[in-house]
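Please consult the sequence and the coordinates alongside the text.

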Number of protein chains: 2
Amino acid sequence: MNDETILLAHGSGSRLSHELIEKNFLPSLANPLLAKLDDSAVLDFSGRLAFTTDSYVVSPIFFPGGDIGKLAVCGTINDLAMSGATPLYLSLSFIIEEGLTLSELARVIKSIKAAAEEAGVKVITGDTKVVNRGSADKLFINTSGIGIVPEGIDISGANAKMGDKLILSGAIGDHGIAVISQREGLKFSVPVQSDCAPLNKLVSQMLGASSQIHCMRDPTRGGLATTLNELARQSKVGIRIEEGKIPVHDGVRAACELLGFDPLYVANEGKLVAIVTPSDAGRILAKIKRNRYGTEASIIGEVTDEHKGKVIMRTRLGTSRIVDMLSGELLPRIC
Amino acid sequence: MNDETILLAHGSGSRLSHELIEKNFLPSLANPLLAKLDDSAVLDFSGRLAFTTDSYVVSPIFFPGGDIGKLAVCGTINDLAMSGATPLYLSLSFIIEEGLTLSELARVIKSIKAAAEEAGVKVITGDTKVVNRGSADKLFINTSGIGIVPEGIDISGANAKMGDKLILSGAIGDHGIAVISQREGLKFSVPVQSDCAPLNKLVSQMLGASSQIHCMRDPTRGGLATTLNELARQSKVGIRIEEGKIPVHDGVRAACELLGFDPLYVANEGKLVAIVTPSDAGRILAKIKRNRYGTEASIIGEVTDEHKGKVIMRTRLGTSRIVDMLSGELLPRIC
């Protein structure tokens with residue numbers, strides 16, 4: 001156990017900053033581009049470049065199934081993958097509250113290393129700031145990412161077409177419930193693990209199975225309901241889903257009932273929704289189900305020309321209702 | 001005056017998040033790539049790509065000569081420019097403390113817009129998180145940047161060569177003293193403004209004047225002394241500078257005397273050090289002096305084969321002393 005803590009001086013650009021980087025970051029994340037430690041990483045690139053950014057402020061920083069490091073890598077990789085891009089490189093920027101222990105930081109860096117290796121991406125540039133106690137909450141991480149979009153791929157939230165099928169890659173709500181349970185010290189009889197995972201290899205398998213994937217998005221903050229509303233608005237189409245087709249784990253269902261949440265609005269970090277041409281839907285679904293992160297995938301609905309910009313759900317009772325975008329705040333600091 | 005404040009729900013991915021982006025961010029920063037609002041921005045790119053990231057936690061967020069928005073754009077642009085890259089695109093990620101006023105946010109976004117326009121870069125992807133009161137301090141910003149390095153340019157902290165000249169683009173310490181004065185409510189008879197500025201056009205003029213610029217770096221956290229030590233270590237050379245050649249404004253000198261600081265360690269946000277082949281030094285210096293951000297530039301020293309990895313300064317008194325890297329913390333949250 002390492003009880004040393006992060007001091008303000010670790011963020012000052014001083015000798016201590018250099019030691020932190022050289023002893024704590026470089027050994028785990030080493031690659032020739034990062035090791036140069038210039039102000040920018042420089043590399044050759046040719047093709048369609050995807051670029052994305054996300055800051056992660058999840059509380060607590062460690063939760064069942066992951067931590068802020070794994071989340072920061074997976075979340076940004078997934079944003080790239082949702083554009084059809086093959087993720088290649090990440091930047092990594094820490095804002096650390098004075099007093100974080102070096103052992104906590106080491107755990108986070110170990111997770112970053114593991115997730116980056118699984119996804120096949122490299123961290124090539126970074127930054128570390130330290131703020132005084134009380135000016136942040138332990139640790140915030142920003143990751144920005146660069147990927148390459150293969151020839152012929154054109155995936156956008158604006159591309160959904162009438163008749164397209166909606167595929168959901170698995171059960172919803174695991175991440176949000178895992179984080180809130182940890183934060184509030186709630187114990188459920190069926191424990192819930194975050195689904196946090198890098199989906200780039202799953203996406204690459206899907207793209208291998210069909211060139212007719214029109215939209216992809218990972219339903220993070222705001223949950224599946226908000227993501228589907230975004231897609232309906234961007235594509236100016238209606239979306240119809242069936243409640244009975246949407247997988248929800250028992251633990252999540254129980255927790256949601258207890259807490260008064262609707263799983264449709266609870267965040268996921270290892271799921272995707274794809275809107276695909278109907279004739280390819282079966283083939284894409286079969287491919288997804290063979291991936292470890294897609295075993296519970298199902299076709300949950302379709303794109304319609306009714307109720308443009310809206311999402312309609314046929315409930316288990318056989319009635320229909322509008323599923324709106326999240327309004328207000330459900331769970332702060334979930335990612 | 002707009003007294004509305006940022007709520008947790010502005011960061012939830014909800015309707016309010018979408019409204020914040022559509023009403024407050026898009027109108028100022030609009031461009032076709034950003035407007036798509038997909039998870040990643042996608043664009044064609046071919047060549048040598050420079051990629052960098054920085055998080056900004058400056059306190060206070062408004063200070064004489066700039067604010068956290070201007071700083072976040074200029075700082076990342078300058079990191080790209082120091083690799084010889086032409087900055088093209090930025091990502092912009094906010095971590096906002098609940099309670100920040102919308103008018104404060106609007107001021108910051110206005111600065112971001114102005115700095116991005118001056119530098120000729122576009123913000124093409126972004127993210128907004130909101131944390132509860134007390135979990136951050138008003139506003140943190142991460143900007144990551146992409147640029148293109150022109151053919152034939154090879155600038156790195158490891159490239160300094162024996163006999164090279166050191167050019168400093170202007171007076172040191174302005175940014176650090178401006179921020180600390182504002183934070184502590186200090187009034188000096190000669191007020192100090194931050195030098196925060198985008199240096200990419202200056203760099204492009206320098207590259208037009210000579211292909212023999214070996215190293216460039218902007219002396220931010222840790223000041224000129226720390227930057228020169230980094231370069232001496234990376235290039236495995238000695239660096240000799242002359243105190244009498246390093247411009248320091250009167251206000252900075254007076255503040256440093258009062259506060260017990262050495263201007264060599266105080267942060268700059270609109271200055272660069274270039275290490276260049278001796279025969280081109282005069283021509284490069286002349287070019288720098290014609291740029292509005294380089295009027296006080298001077299040749300401050302040279303690269304030697306003595307004291308490898310160290311920086312030696314000849315003082316105004318004619319004695320020589322080792323100038324070490326900053327050890328410990330001088331001014332927290334300066335950038």
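The questions below concern confidence, domains, helix packing and backbone geometry.

Q: What average pLDDT does chain A have in this predicted model?
A: The structure is a predicted model, with an ipTM of 0.96 and a pTM of 0.96. In chain A, 99% of the residues score at least 70. The average pLDDT of chain A is 95.

Q: What distance separates the centres of domain 1 and domain 2 of chain A?
A: Chain A is divided into domain 1, covering 8-149, and domain 2, covering 165-322. The contact between them takes 21 residues from domain 1 of chain A and 24 residues from domain 2 of chain A. Taken over C-alpha atoms, the separation of the two centres is 27 Å.

Q: Are H3(A) and H4(A) roughly parallel or roughly antiparallel to each other?
A: Helix H3 (residues 68-81) and helix H4 (residues 102-119) of chain A have axes that come within 7 Å and cross at roughly 30°. Angles under 35 degrees count as roughly parallel. The two helices, H3(A) and H4(A), are therefore roughly parallel.

Q: Is the crossing of H3(A) and H4(A) left-handed or right-handed?
A: The angle and the distance between the axes describe two packed helices. For H3 and H4 of chain A, these are roughly 30° and within 7 Å. In passing H4(A), H3(A) makes a crossing that is right-handed.

Q: How many residues of the contact of H3(A) with H4(A) are nonpolar?
A: From H3(A), the contact includes A:Ile68, A:Val73 and A:Ile77. These and other residues of H3(A) meet residues of H4(A), among them A:Val108, A:Ile112 and A:Ala115. The residues of this contact of H3(A) with H4(A) comprise two polar, one charged and, as nonpolar, nine.

Q: Which residue does a cis peptide bond join to B:Ser59?
A: In chain B, omega of this bond is about 0°.

Q: What is the phi of A:Lys236?
A: A:Lys236 is found in the loop between helix H7 (223-235) and strand S9 (238-242) of chain A. Although A:Lys236 is not a glycine, its phi is positive, at about 55°.

Methods. Residues numbered from 1 in each chain as written. Chains lettered and ligands numbered in written order. Predicted model: local features only at pLDDT ≥ 70, side-chain atom pairs only at ≥ 80, totals over all residues. Heavy atoms only, no water. Axes fitted to C-alpha atoms, helices over the stretch in contact; angles between N-to-C directions. Helix = DSSP H or I, 4+ residues; strand = E, 2+ residues; numbered from the N terminus. Parallel < 35°, antiparallel > 145°, perpendicular 65-115°, else oblique. Left-handed = near helix turned anticlockwise from the far one by under 90°. Contact = heavy atoms within 4.5 Å. Nonpolar A, V, L, I, M, F, W, Y, C, P; charged D, E, K, R; others polar. pLDDT = per-residue confidence, 0-100. Domains from an automatic or database assignment.
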